[in-house]
Amino acid sequence: MEKQFDFIGKRYIAYLISILLIVGSWGYGLYKGPKFGIDFTGGVLVQIKIDENVSTEKIRQVFKNSEIAKGLTVQKIKGSNEFILKVPAEKDPNKLVEELKLQLKKVFKDGVHILRIEMIGPAIGKELREKGLLAVVYSMIAILIYVAWRFEPVFAVTSVLALLHDSLITVGMLMATGREFNLPVVAAVLTIIGYSINDTIVVFDRIRENMKKYKNSKPFEELVNESINQTLSRTVITALTTFFVVLCLFLFGGSTINNFSFALLVGIVVGTYSSIFIASSLVVDWYRIRHKG
């Protein structure tokens with residue numbers, strides 16, 4: 001018989017690691033302050049190209065005597081003379097765009113080219129933020145109902161707790177690293193939820209099969225640990241292949257999808273970890289509490 005790793009026996013260490021990751025990332029992230037993109041705050045995004053070589057600081061200096069300077073962020077696109085300018089919308093976004101164009105033309109004359117303009121009003125930004133949060137909540141409720149129907153209520157509750165664990169760590173790491181929250185990040189969180197529940201269901205299905213096979217002839221803790229070990233190679237191989245694909249997106253995908261791919265990278269690692277150490281461990285502890293009662 002192959003040697004098996006005692007995942008369930010190490011579950012309290014895993015719980016401690018998870019608590020430290022959640023508290024640490026959220027504590028530091030909230031201390032720094034979360035950053036919301038114009039998708040959620042409302043505002044203007046303008047992508048420009050400058051004929052001459054200039055720095056982001058010089059772009060900022062263009063607006064130093066303007067109200068725009070207060071909320072302006074400037075991001076240089078690697079390997080080009082292109083910049084992305086973002087300004088929160090406290091007034092009419094159209095007026096902001098006109099003021100941006102005017103200030104840029106004053107300094108760079110015909111040497112500045114407007115490549116892209118995106119405008120979102122504050123009310124729309126608030127609505128998108130609320131709908132993004134609701135999308136995550138509704139997805140977890142749907143998973144809770146489906147897993148409860150296909151397995152048992154305890155499997156449903158523990159799987160959703162594991163998904164909440166994955167989402168909290170991913171969002172915490174985004175805040176801690178100073179990354180921006182926007183609609184692609186919400187899409188990444190939803191993708192992580194789908195990816196993580198898929199891994200968790202594979203383990204739960206094996207637990208259910210082994211429960212039928214052994215009935216009550218084997219301790220439940222040992223049965224769950226055996227189930228995790230039986231599905232381990234599948235879980236790790238799937239995680240690694242997905243991780244390397246997303247890593248390529250993160251390294252070579254450009255600034256537009258950088259936050260999206262970063263969220264996926266964190267989510268894949270955390271989702272795999274929770275499928276192995278957290279979800280099944282919660283099931284074991286629930287069974288122990290129930291039988292004690």
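The part I have in mind is tryptophan 286, which has its place in helix α9. Is tryptophan 286 buried, partly exposed or exposed, and what can be said about other parts of the chain, such as the contact of α1 with α6?

Analyst: The model is a predicted one, and tryptophan 286 is placed in its helix α9, which runs over residues 258-292. With a relative accessible area of 36%, tryptophan 286 counts as partly exposed, because that class lies between the limits of 20% for buried and 50% for exposed. Along the chain tryptophan 286 is 89 residues from isoleucine 197, and the C-alpha atoms of the two are separated by 19 Å.

For a second residue, methionine 140 belongs to helix α5, residues 122-150, and is buried because its relative accessible area, 10%, is under 20%. Once its neighbours within four places in sequence are set aside, methionine 140 has contacts with Val160, Leu163, Leu164, Ser167 and Ile193. Isoleucine 276, by comparison, is 136 residues from methionine 140 in sequence and 19 Å from it in space, C-alpha to C-alpha.

Lysine 218 sits in the loop between α7 (183-214) and α8 (220-252), and it too is buried, since a relative accessible area of 17% falls under 20%. Its side chain makes a polar contact of 2.5 Å with the side chain of glutamate 226, and, not counting residues up to four places away in sequence, lysine 218 touches Leu223 and Glu226.

Turning to the helix pair you asked about, α1 (residues 11-32) and α6 (residues 153-176) pack at an angle of about 35°, with 8 Å between their axes, and α1 passes α6 in a left-handed crossing. On the α1 side the contact includes Ser18, Leu21, Ile22 and Trp26, and these belong to a set that meets residues of α6, among them His165, Leu168, Ile169 and Gly172. The residues of this contact divide into 11 nonpolar, 5 polar and 1 charged.

As for the record, the unreviewed UniProt entry annotates "transmembrane region" over several spans, including 12-31, 154-175, 181-204 and 260-284. In the model, residues 12-31 are 100% helix and 0% strand, with end C-alpha atoms 28 Å apart, while residues 181-204 are 92% helix and 4% strand, with end C-alpha atoms 33 Å apart.

Note on methods
Residues numbered from 1 in each chain as written. Predicted model: local features only at pLDDT ≥ 70, side-chain atom pairs only at ≥ 80, totals over all residues. Heavy atoms only, no water. UniProt positions renumbered as here; feature names shortened; annotations may be inferred. Helix = DSSP H or I, 4+ residues; strand = E, 2+ residues; numbered from the N terminus. Axes fitted to C-alpha atoms, helices over the stretch in contact; angles between N-to-C directions. Left-handed = near helix turned anticlockwise from the far one by under 90°. Contact = heavy atoms within 4.5 Å. Nonpolar A, V, L, I, M, F, W, Y, C, P; charged D, E, K, R; others polar. Buried < 20%, exposed > 50% of the residue type's maximum accessible area, 1.4 Å probe, protein only. Polar contact = N/O pair within 3.5 Å; in protein donor to acceptor, adjacent residues only side chain to side chain.
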